[in-house]
Amino acid sequence: MNDKEYLTYRNMFGAAYGRLFIVLTGTILSVAGNVFLRWSIGEGLDTGKWKASWPIVAGVLLALWPLLHLNRQKLFVQIQKNIYWNLQRKILRGSMVTIEKNNLGAVTTCYVTDVTVMDRFVNRILEKALPDLIGWLITVGLMFWFDLFLGIAAVVVTVLPTFFLHRMSRPVAKGTREYQEALEAANQSVVTGLYNLETIKASCKEADFWRDNREKLEVLQKKKRSVALWEAILAAPMMVSTFATIIFMTALSGWFVLAGRISTGQLLTVVTLIDNIVSFVMSQEGTISAYRRASVSRHRLNGFLGQEEERQGGREVEKIREIVFDRICFAYPDGSGKELYHGFSERWQQGELIFIKGGNGKGKSTLVKLLTGIYDITKGQILVNGISIQEYRHASLREKIVVVPQENILFQGSIRDNLACGKKIDMARMEKVCKKTGIYEEIMRMPDGFETVLTENGGTLSGGQKQRLCLARVLLRDGDVYIFDEPTSALDKMNQDRFVRLLNQLAEDRIVVIITHDRELLDSARRVVDLNAERHRSGMMLQETGVK
């Protein structure tokens, strides 16, 4: 494996190397002590001499095994924490260009399947394969010491079935890869379908959705059966080789005793230790199959863990007074090469209330993502206070630009917690903001007021209540730029008028941007940016707004 192939393992074992060393050392001592005890007992039965070290070694092993098991379990917990933490970190800090090359299905498969597969593989290596390997090495070394040909025979009966299994297990990797691809397609279809549930219902496409997903699930089941079949086929020859190993090694060592090449005590040692060879041979089937499956998952995880991260450094953003889009160009990283923006120019200044309209696919939400550095423009520049956003620390930029999405997201917890979002906010200020958005009276009519506990996504709250509560949460953030996406879609006439007055107050010393299709709002607006207009893609707005 090259350096990139080790990415997943480095992320899994990071900050756990100390415990890994303890587990490896404990495993070696435990297995070596077990072999030593069996050998000593075999020699004792042959010579009739019993050693005082036997009960001491047995006592140490009895004390070591539970400690080793405890440290192994702690290591597994640390590995799980590491891989989930690093995977989340990469996805959150990753460049959107690289993230979008992996669809929702791939992300879901990573979390649900790939991490579990890698965890099981490491678990098998540390709990089964490694102790079996150490036991086999010590046992074979001991047999070489007893007799050269006995040691050679032990190696041969191990290598031949292992080589056969390695060659024959390739379909497991191929089947696993096909299964993962089918699982990714199924996950993508379901996640996207649930995300666009309203579109499916409005278009009466339920039957098509069910049929499409049924076909994907049938393919998924077929691929899973294929992998299970090959694993079952490989189990049979391994069982035969196990019996053959026991018979051959027992008969060979017995013949060596009769020939005077080894002692009776050594024969007893070989017989008691032959299970170390058998166990190692038997474990190869499961270990190699686990490796084949893990190689597929490791490749997918490497894709996420190796993706480019957003730039973390840069200068801090001071109060934002002006934003300039200077002849920007942008195309989505889908390989089509079609530009969404070509020479787009615009200037927003402190004290302005700007409305943005445009049809689907015209780039309303994308413009916000370009401003906050989620996407990088391909040409031109975006200036904040006359400085390119590429010079700012992205996190600092996003702290100053408050974006309110169209979906009103509330989490399970009290109303106070939903408003504060983990920050310490004075209760008087919280009540004042809630009164501005018109939600205060309704909160106070609830059983526990601001301590009323909401279920996931607001529970029984109406759409208007959710929207006003989310608006109050946004206003409690001290931003310099507020961008609202369809903020009045669930508000009645009275609350919509209240919200417009609130926007005008906000815009007195801030930049406020409204993305909307609401005709009434647009008709009353002083400034509207129409993304449907071709002039936004020809650079003409740069001249009209006077940007140099």
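**Close-up views of a predicted model**

**View 1. Leu220 in helix α9.** At 12% relative accessibility, Leu220 counts as buried. Here buried means under 20% relative accessible area, exposed means over 50%, and partly exposed lies in between (1.4 Å probe, protein chains only). Leu220 belongs to helix α9, residues 206-258. Helices (H or I, at least four residues) and strands (E, at least two) are DSSP runs, numbered from the N terminus. Leu220 touches Tyr179, Ala182 and Leu183, leaving out residues up to four places away in sequence. Contact means heavy atoms within 4.5 Å. Glu184 is 36 residues from Leu220 in sequence, and their C-alpha atoms are 9.5 Å apart in space.

The model is predicted: local features need pLDDT of at least 70, side-chain atom pairs count only at pLDDT 80 or more, and totals for chains, interfaces and linings use all residues. Residues are numbered from 1 along each chain as its sequence is written, and side-chain values use heavy atoms, with hydrogens and water left out.

**View 2. Thr8 in helix α1.** Thr8 is found in helix α1, residues 7-13. Thr8 is buried, with a relative accessible area of 0%. The side chains of Thr8 and Asn302 are joined by a polar contact of 2.6 Å. Such a contact is a pair of N or O atoms within 3.5 Å; within protein, one must be able to donate a hydrogen and the other to accept it, and residues adjacent in sequence count only if both atoms are side-chain atoms. Beyond its neighbours within four places in sequence, Thr8 is in contact with Ile83, Met118, Arg298, Leu301, Asn302 and Leu305.

View 3. Side chains of opposite charge can pair when their charged atoms come close. A salt bridge is a side-chain nitrogen of Lys or Arg within 4 Å of a carboxyl oxygen of Asp or Glu. By this rule the count comes to 13 salt bridges. In one of them, the side chains of Asp275 and Arg38 meet at 2.6 Å, N to O. Asp275 lies in helix α10 (residues 264-305) and Arg38 in helix α2 (residues 17-47), so the pair ties together parts that are 237 residues apart in sequence. Asp275 is partly exposed at 33% relative accessibility. Arg38 is also partly exposed, at 24%.

**View 4. Arg327 and Asp326.** These two residues form a salt bridge, with their closest N and O atoms 3.4 Å apart. Arg327 is partly exposed, with a relative accessible area of 44%. Asp326 is buried, at 11%.

**View 5. Glu346 and Arg527.** The side chains of Glu346 and Arg527 meet in a salt bridge of 2.0 Å, N to O. Glu346 lies in strand β2 (residues 339-349) and Arg527 in the loop between α18 (519-524) and β11 (528-530), so the pair ties together parts that are 181 residues apart in sequence. Glu346 counts as buried, at 0% relative accessibility. A network of salt bridges links Glu346, Glu352 and Arg527.

**View 6. A nonpolar patch on the surface.** Phe144, Leu148, Phe149, Ile152, Val156 and Leu160 form this patch, with about 550 Å² of accessible area together. Patches are made of residues with over 30% relative accessible area and no salt bridge: like charges are joined within 9 Å, nonpolar side chains (Val, Leu, Ile, Met, Phe, Trp, Tyr) within 5 Å. Accessible areas come from the Shrake-Rupley method with a 1.4 Å probe; for residues, only the protein chains shown count as cover. Helix α6 (residues 148-168) gives the most to the patch, with 5 residues. Phe149 is found in helix α6. Phe149 is partly exposed, with a relative accessible area of 48%.
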